[in-house]
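Work through the exercises below with the structure open. Try each task before reading its solution.

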Amino acid sequence: EAAVAAAKPVNADEHATQVQIQSAIQAITAAWVALELKQQPTPVTDLAQWLQVAATLKADDYTPASYAKLTDAIAAGKKVAADPNASTAAQQAAVDQLKAAIDALVPRANKQSLEAVIATADKLSASAYTASSYAKLQAALKAARPLLTDLNATQAAVAEQTNAVLTALQQLVKLLDKTELVKLITQAAGLKKDAYTEASFNDLQTALAQARTVQKRSEERRVG
């Protein structure tokens, strides 16, 4: 104000010198630069409105751990809202807490795919697959089952375990049905050499040896 007051006479003086004009300009400019804005109060978003928003969010839609934080924020917000002497800062803090809790909510995971692959795996018989491949499936199931009852399980964790079980299912190695082979080996081994020509019986023995090798490999696959 002082700079402006000092400049007015110069502005009204038709005989003011260039030095006086320049001095007045510099004074106003300096005072202008030095102006300080008044500190504005922190804007408070309507607390009652945020409490209403929070009230529409259902516990069943979110993990218990994340919803518990919202419950705490709602309780704190209601306490501030009911206090006629609550300061602007207190109201703003309550709004910020509600916003943070809402942003941090974690939706409950959809477990339908996980339930489906586990149900499929449970129907399989260990006797139909190699021991090692079936053991890998059981390990995947052991890791996946707890998520079915874990209300705080994330969608990412559920997806990971679903894929693990699915992969184990796809990598199962099915054992061959050797019932007929064993039957034929037993029958062939019981034949008497004297009843057949030497050449034909030797051919049978060769085939029998090959069959026994296949049978042995099948047993090894069952163990492995």
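The model is predicted.

**Exercise 1. Describe the overall build of the protein.**

Task: state how many helices and strands the protein has, and what share of its residues is buried.

Solution. Start with the secondary structure: there are 10 helices and zero strands. Read from the N terminus, the order is α-α-α-α-α-α-α-α-α-α. Next, burial. The protein has 224 residues, and 25% of them are buried. Then take the contacts with a separation of 6 or more: 77% of them join residues 24 or more positions apart. Finish with the surface.

**Exercise 2. Examine Lys111.**

Solution. A salt bridge needs the nitrogen and the carboxyl oxygen within 4 Å. Third, list the neighbours. Leaving aside residues up to four places away in sequence, Lys111 touches Leu147, Leu148, Thr149, Asp150, Leu151, Ala153 and Val158.

**Exercise 3. Locate the salt bridge.**

Task: search the whole structure for salt bridges and say which residues take part.

Solution. The search finds one salt bridge. Its partners are Asp122 and Arg145, with their closest N and O atoms 2.6 Å apart. Now place them in the chain: Asp122 belongs to helix 6 and Arg145 to helix 7 (residues 131-149). The two are 23 residues apart, and the pair links distant parts of the chain. Asp122 has a relative accessible area of 44%, so it is partly exposed. Arg145 is partly exposed too, at 36% relative accessibility.

**Exercise 4. Classify the aromatic pair.**

Task: find which rings pair, and work out why the pair is called stacked.

Solution. The structure holds one aromatic pair. It consists of Tyr62 and Tyr67, whose ring centres are 6.5 Å apart. Their planes meet at 15°. Planes under 30 degrees apart count as stacked, so this pair is stacked. Then look at burial. Tyr62 is buried at 17% relative accessibility, and Tyr67 is buried at 16%.

**Exercise 5. Find a charge over a ring.**

Task: say which ring the charged end of Lys174 sits over.

Solution. Follow the side chain of Lys174 to its charged end. That end sits over the ring of Tyr129, 5.2 Å from the ring centre.

Notes
Residues numbered from 1 in each chain as written. Predicted model: local features only at pLDDT ≥ 70, side-chain atom pairs only at ≥ 80, totals over all residues. Heavy atoms only, no water. Helix = DSSP H or I, 4+ residues; strand = E, 2+ residues; numbered from the N terminus. Buried < 20%, exposed > 50% of the residue type's maximum accessible area, 1.4 Å probe, protein only. Contact = heavy atoms within 4.5 Å. Salt bridge = Lys/Arg side-chain N within 4 Å of Asp/Glu carboxyl O. Phe/Tyr/Trp six-rings, centres within 6.5 Å; stacked < 30°, edge-to-face > 60°. Lys NZ or Arg CZ within 6 Å of the ring centre and 35° of its normal.
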